[in-house]
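These entries record what I looked up in the structure.

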Amino acid sequence: MKELEERIKTDGIVLDDDVLKVGGFLNHQIDPKLMKAMAVEWHELYKDSRVDKILTIEASGIAMATMAAYEFGVPLLFAKKNKTANISDDVYAAEVKSFTHGVTYNVQVEKKFLHKDENVLIIDDFLARGEALRGLIDICGQAGAQVVGCGIAVEKAFQPGGDMLRKNGVRIESLARIKSMNSQNGIEFC
């Protein structure tokens, strides 16, 4: 998606060879017009799939997933990273290691919100090593729900997550795929 790539080029900050900061428009301060354009693009890509629910993981994926859910006319469900007093003990759960935060989360979705035979589209901001997607796919499997695919804003194609998941039969539609990046030479897209 050219609009997202251009925004990454102009406003993204490469902190090192593995970290791209997009907090000015994607996951700290949110550009709603860009979120809407991304949602329209994912809807176009998955228009021939039955989508009953959008699933993401808190917190960075929520804004874009909300717009996607609106575009598809379906509910948004997000996996919580921490157990809170208002979450029942009846949950689907999976361990997800966060590269950015350097911790492992036990992400959870209450069973009453994800059902057998639902078709789920997973939306997330980044795909690098694939940990978050694997966890969300696992949760869908526990529920008996079908993953129709994954919509990713930014894929770091130079890291193994996307290739590994595609080899396992997961459909992934990334709106911007980065071939390489570093603070000296900037960003090269696939």
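Entry 1. I looked up what covers the buried residues of H1 in this predicted model.

Entry 2. I then asked which residues of H1 are buried. In this helix, which spans residues 2-11, they are Leu4, Glu5 and Ile8. Viewed down the axis of H1, these buried residues fall within an arc of 100°, so they line one face of the helix. On the face turned away from the buried side I found the exposed residues Lys2 and Thr10.

Entry 3. I next examined how H1 is placed against H3. The two axes come within 10 Å and cross at roughly 145°. On the H1 side, Glu3, Leu4 and Arg7 take part in the contact; on the H3 side, Leu34, Ala37 and Met38 meet them. I noted the make-up of this contact as 4 nonpolar residues, 2 charged and no polar ones.

Entry 4. I turned to Thr56, which lies in strand S3 (residues 53-57). Is Thr56 buried or exposed? Its relative accessible area is 0%, so I recorded Thr56 as buried. Leaving aside neighbours within four places in sequence, I listed the contacts of Thr56 as Gly61, Ile62, Ala65, Leu76, Leu77, Phe78, Ala79, Ile123, Asp124 and Leu136.

Conventions: Residues numbered from 1 in each chain as written. Predicted model: local features only at pLDDT ≥ 70, side-chain atom pairs only at ≥ 80, totals over all residues. Heavy atoms only, no water. Buried < 20%, exposed > 50% of the residue type's maximum accessible area, 1.4 Å probe, protein only. Helix = DSSP H or I, 4+ residues; strand = E, 2+ residues; numbered from the N terminus. Arc of directions from axis to C-beta. Contact = heavy atoms within 4.5 Å. Axes fitted to C-alpha atoms, helices over the stretch in contact; angles between N-to-C directions. Nonpolar A, V, L, I, M, F, W, Y, C, P; charged D, E, K, R; others polar.
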